Amino acid sequence: MAYRIDQQPRDVRDYDLDFGEFFPADDTVVSAQVVVEPAVGLTVNYAIQHPRVKVWIQDGVDGAAYKVTVVAYTNDGRAKEVELAVRIKDK
């Protein structure tokens with residue numbers, strides 16, 4: 001699953017990725033892995049708020065496109081990958 005995001009270089013925005021539809025109700029998101037490509041320029045932080053992973057995105061180079069890959073892992077060993085296509089444009 002992929003989402004498209006446009007933001008300006010000085011924006012600091014958060015996005016809630018809801019993994020509830022992918023896992024059974026009794027399985028809990030316990031960890032996540034976040035990878036940014038290219039690895040330089042965009043600042044990304046996250047927090048787990050079961051069944052969501054909240055991703056904070058800021059910075060970035062005007063005109064650049066980034067791929068943010070988020071993988072949520074559950075207590076029962078399940079995993080689901082979601083991609084964010086982030087475009088930085090100073091409007």
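Q: What is the strand order in the open sheet of four strands, and what is its pairing?
A: The order runs β1-β7-β6-β3, and the pairing is mixed. Strands here are DSSP runs of E, at least two residues long, numbered from the N terminus, and two of them pair if DSSP finds at least two bridges between them.

Q: What makes β1 and β3 stand at the edges?
A: Each of them, β1 (2-7) and β3 (29-37), has a single partner strand, so one side of each lacks a neighbour in the sheet. Neighbouring strands in this sheet are turned by 20 degrees against each other on average, direction ignored; the axes behind that angle are lines fitted to C-alpha atoms, with angles running from 0 to 180 degrees between N-to-C directions.

Before going on, a word on the model. It is predicted: local features need pLDDT of at least 70, side-chain atom pairs count only at pLDDT 80 or more, and totals for chains, interfaces and linings use all residues. Residues are numbered from 1 along each chain as its sequence is written, and side-chain values use heavy atoms, leaving out hydrogens and water.

Q: How do you know that β1 and β7 pair?
A: They share six bridges, in the parallel sense, with β7 covering residues 79-88. The cut-off is at least two bridges, so six bridges qualify β1 and β7. Across that pairing, alanine 2 stands opposite glutamate 83 in β7.

Q: What is the strand order in the open sheet of three strands?
A: That one goes β2-β5-β4, with antiparallel pairing. Its edge strands, β2 (12-18) and β4 (42-49), pair on one side only.

Q: What makes the pair of phenylalanine 19 and phenylalanine 23 stacked?
A: Their centres are 6.4 Å apart and their planes at 15 degrees, so the pair is stacked. Phe19, Phe22 and Phe23 make up one aromatic cluster.

Q: How do you know that aspartate 27 forms a salt bridge with arginine 78?
A: Their closest N and O atoms are 2.7 Å apart. Aspartate 27 lies in the loop between β2 and β3, and arginine 78 in the loop between β6 (65-74) and β7, so this pair ties together parts 51 residues apart in sequence. A salt bridge needs a side-chain nitrogen of Lys or Arg within 4 Å of a carboxyl oxygen of Asp or Glu, so 2.7 Å passes. Aspartate 27 is buried at 0% relative accessibility, while arginine 78 is partly exposed at 35%.

Note on methods
Rings of Phe, Tyr and Trp (its six-membered ring) pair if their centres lie within 6.5 Å; planes under 30 degrees apart count as stacked, over 60 as edge-to-face and the rest as tilted. Buried means under 20% relative accessible area, exposed over 50%, partly exposed in between (1.4 Å probe, protein chains only).
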